[in-house]
Amino acid sequence: MNRARPQLRPLPPPICPPAPLARGVRERAAQCDDVRAAILMSLLRAICYMVAQLLGAVAGAAVLYSVTPPAVRGNLALNTLHPGVSVGQATIVEIFLTLQFVLCIFATYDERRNGRLGSVALAVGFSLTLGHLFGMYYTGAGMNPARSFAPAILTRNFTNHWVYWVGPVIGAGLGSLLYDFLLFPRLKSVSERLSILKGSRPSESNGQPEVTGEPVELKTQAL
């Protein structure tokens, strides 16, 4: 006799999963700032993430600096403005590069989206590659303050370094606000967002997905 057992559909990955590669989702200081801007974690946790990312970037660059022969070390791929690119143009480029990358991260990792197709890793990878292909001829495609900060520390070269902070932070903030309030709004009140920002209650209701009013999809499997 066959019996049918209801089986819940597996939950999609969380919006900020651990990144297996360097320059992954959680390693990026600007993207950590965009999560904070979307009010998904407390301000203290966001600051701790950003400090850890900066320290990790400096430590990784220091290891690379120490094991690379001076003849081939160069400037550790320090991000610099290309000749003819003004600081204003460079800032705008960094804003748009980070904006499109942040929107891709939110759209692919959002646990509320049930109609996602294809590979999340490929989508994020293509978005990052697109940003580099476009931005490498203008700013070197920073898109990450931590990535730009580490080689600047070791080479002691901070020329126009502020561009690689202001541009990504603004782009990440705009991307998170655009997605969270316009493209796919989260139904949270101002008081709920402020309480999450202050850390007075766990974000996303202790890791549970938001209730959207849609029925839970069940699948049956014959034993």
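Helices, of type H or I with at least four residues, and strands, of type E with at least two, are DSSP runs numbered from the N terminus.

**Figure 1. Overview of the predicted model.** The secondary structure of the protein comprises nine helices and two strands. Along the sequence these elements follow the pattern β-α-α-α-α-α-α-α-α-α-β. Of the 223 residues in the protein, 39% are buried. Among contacts between residues at least 6 apart in sequence, 74% join residues at least 24 apart. The accessible surface amounts to about 12900 Å², and 67% of this area belongs to carbon and sulfur atoms.

**Figure 2. The largest nonpolar core.** Ten residues form this core: Val 93, Leu 97, Phe 101, Cys 104, Ile 105, Tyr 109, Val 124, Leu 128, Ala 141 and Met 143. Two elements, helix 4 (87-109) and helix 5 (120-135), each give two or more residues to it. Helix 4 gives the most, with six residues. A second, separate core has six residues, including Val 102, Leu 103, Phe 106 and Tyr 179. In soluble globular proteins, nonpolar side chains tend to be buried together.

Figure 3. Cys 104 belongs to the largest nonpolar core. Its relative accessible area is 15%, and Cys 104 is therefore buried, the limit for this class being under 20%. Cys 48, by contrast, is partly exposed, because its relative accessible area is 46%. The count of disulfides in the model comes to zero.

Figure 4. Beyond its neighbours within four places in sequence, Thr 139 is in contact with Asn 79, Thr 80, Ala 90, Val 93, Glu 94 and Tyr 164. With one of these, Glu 94, Thr 139 makes a side-chain to side-chain polar contact of 2.5 Å. A polar atom of the Thr 139 side chain also lies 3.2 Å from the backbone nitrogen of Ala 141. Val 163 is 24 residues from Thr 139 in sequence, and the two C-alpha atoms are 9.0 Å apart in space.

Figure 5. Met 143 is located in the loop between helix 5 and helix 6. At a relative accessible area of 0%, Met 143 is buried, and it is one of the residues of the largest nonpolar core. Its phi is near 60 degrees, a positive value in a residue other than glycine. Most residues other than glycine have a negative phi. Asn 144 caps the N-terminal end of helix 6, with a side-chain oxygen 3.0 Å from the backbone nitrogen of Ala 146. In helix 6, the buried residues include Pro 145, Ala 146, Ser 148, Ala 150, Pro 151, Ala 152 and Leu 154.

Figure 6. His 161 is found in the loop between helix 6 (145-155) and helix 7 (163-183). His 161 counts as buried, because its relative accessibility is 10%. Its side chain makes a polar contact of 2.9 Å with the side chain of Trp 165. Beyond four places in sequence, His 161 touches Ser 148, Phe 149 and Ala 152. Asn 160 is placed in the loop between helix 6 and helix 7 and has a phi near 55 degrees, a positive value in a residue other than glycine. With a relative accessible area of 28%, Asn 160 is partly exposed.

**Figure 7. Residues 202-209 and 211-223, for which pLDDT stays under 50**. The protein averages a pLDDT of 77, and 71% of the residues score at least 70. Over residues 202-209 pLDDT stays under 50, and the model has 10 contacts beyond four places in sequence for them. Residues 211-223 also stay under 50, with 18 such contacts in the model. Where pLDDT is low, the predicted coordinates should not be read in detail.

Terms used
Residues are numbered from 1 along each chain as its sequence is written. This is a predicted model: local features need pLDDT of at least 70, side-chain atom pairs count only at pLDDT 80 or more; totals for chains, interfaces and linings use all residues. Side-chain values use heavy atoms; hydrogens and water are left out. A nonpolar core is a set of buried Ala, Val, Leu, Ile, Met, Phe, Trp, Tyr and Cys residues joined through side-chain atoms within 4.5 Å. Buried means under 20% relative accessible area, exposed over 50%, partly exposed in between (1.4 Å probe, protein chains only). A polar contact is a pair of N or O atoms within 3.5 Å; within protein, one must be able to donate a hydrogen and the other to accept it, and residues adjacent in sequence count only if both atoms are side-chain atoms. Contact means heavy atoms within 4.5 Å. pLDDT is the predictor's confidence in each residue, from 0 to 100. A disulfide is a pair of cysteine sulfur atoms within 2.5 Å. Accessible areas come from the Shrake-Rupley method with a 1.4 Å probe; for residues, only the protein chains shown count as cover.
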